[in-house]
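Biologist: Thanks for sitting down with me. Please take me through the pockets and the helix packing here.

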Amino acid sequence: MIRFDNVEKWFGPLQVLGGISGEVEQGEVLVLLGPSGSGKSTLIRTVTRLEPIQRGHVLVGGVDVASGAVDINRLRQRVGFVFQAFNLFPHLTALQNVTLGLERLRKMSKVEARGRGMLELARVGLAEKADAMPARLSGGQRQRVAIARALAMDPEIMLFDEPTSALDPEMVGEVLQVMKSLAQSGMTMIAVTHEMGFAREVADTIWFLDQGRVVESGTPVGVFDNPQHERLKRFLARHP
């Protein structure tokens, strides 16, 4: 579903991705771990060309994201992206946030979009909050609305960029539970997270990044119980 082929990225003179290669199979859950500034969020953003790359290739379903011939808007409809900061429209209700893309991009009627939107809100346990404004929702509820909005577009892939890092600790679990349900349903996912329990329980594969490179990868059992790289050992010691 996704292939990174020697991906390199610079911000000015600073190289933030140093030749990353690897694949994510259909239905696989890949979790990216690593210290702040290691390139995790930058890498995940290259999948939808939110971050352009200088060298290498990123392919989604065999389509080169960087190609001038690719319809990037159509590609982004295939890939759901959930951000750290929710990115909800504050002047729209929870349901309107979910249905906006259905009406504008999928050209659904208001009635059809509302029905689909309610289904997705129910899927994340928020049907009763359909008419609530984002300011009246908790952080966990806002993030679940953001997930419902992404799911409403029928994505083939879901990307999560530290979706719980802006939440109070008691709200983290409700978002992780939705993500676990998606993984169990067979959704192809890449998640950037510091939630070690989630990574151990849900990931098929873990990549540990440091200074823009994947320095270790493997199954959760291999990465957590038998780490090889010294940088990973130090990271796990700080994040039990």
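Modeller: Happy to! One term first: a helix here is a DSSP run of H or I with at least four residues, and helices are numbered from the N terminus. Please also keep in mind that this is a predicted model.

Biologist: Which residues are the closest to the centre of the largest pocket?

Modeller: The largest pocket holds about 660 Å³ of space. Its lining has 23 residues. Those closest to the centre are Arg-76, Phe-81, Leu-105, Arg-149 and Met-153.

Biologist: Which helix gives the most to the lining of the largest pocket?

Modeller: Four elements supply at least two residues each: helix H2 (72-78), strand S6 (79-82), helix H3 (94-104) and helix H5 (139-151). One of them contributes six residues, the most to this lining, and that is H3.

Biologist: How many residues of that lining are nonpolar?

Modeller: Let's sort the lining of the largest pocket by class. Three of its residues are charged and seven are polar. The nonpolar ones number 13.

Biologist: Moving on, which element provides the largest share of the lining of the second largest pocket?

Modeller: This pocket has a volume of about 220 Å³, and among the residues lining it are Leu-92, Thr-93, Lys-110 and Asp-131. Two helices each give at least two lining residues, H3 and helix H4 (110-123). The largest share is five residues, and it comes from H3.

Biologist: Are H3 and H5 roughly parallel or roughly perpendicular to each other?

Modeller: Their axes lie 8 Å apart and the packing angle is about 25 degrees. Angles under 35 degrees count as roughly parallel. H3 and H5 are therefore roughly parallel.

Biologist: What residues of H5 make the contact with H3?

Modeller: H3 and H5 have a right-handed crossing. H3 brings Ala-94, Asn-97 and Val-98 to the contact. H5 answers with Val-145, Ala-148 and Arg-149.

Biologist: Is the crossing of H5 and H6 left-handed or right-handed?

Modeller: The axes of H5 and helix H6 (residues 169-184) come within 8 Å and cross at roughly 20 degrees. H5 and H6 are therefore roughly parallel to each other. As for the hand of the crossing, it is right-handed.

Biologist: Last one: which residues of H6 make the contact with H5?

Modeller: From H5 come Gly-139, Gly-140, Gln-141, Gln-143, Arg-144, Ile-147 and Leu-151. By class, the contact of H5 with H6 has six nonpolar, four polar and two charged residues. The H6 side is Met-171, Glu-174, Val-175, Val-178 and Leu-182.

Definitions and conventions: Residues numbered from 1 in each chain as written. Predicted model: local features only at pLDDT ≥ 70, side-chain atom pairs only at ≥ 80, totals over all residues. Heavy atoms only, no water. 1 Å grid on protein atoms, 1.4 Å probe; cavity = no way out; pocket = protein on both sides within 12 Å on 5 of 7 lines; lining within 4 Å. Points joined across faces, edges and corners; volume = space filled by probe spheres on them. Nonpolar A, V, L, I, M, F, W, Y, C, P; charged D, E, K, R; others polar. Axes fitted to C-alpha atoms, helices over the stretch in contact; angles between N-to-C directions. Parallel < 35°, antiparallel > 145°, perpendicular 65-115°, else oblique. Left-handed = near helix turned anticlockwise from the far one by under 90°. Contact = heavy atoms within 4.5 Å.
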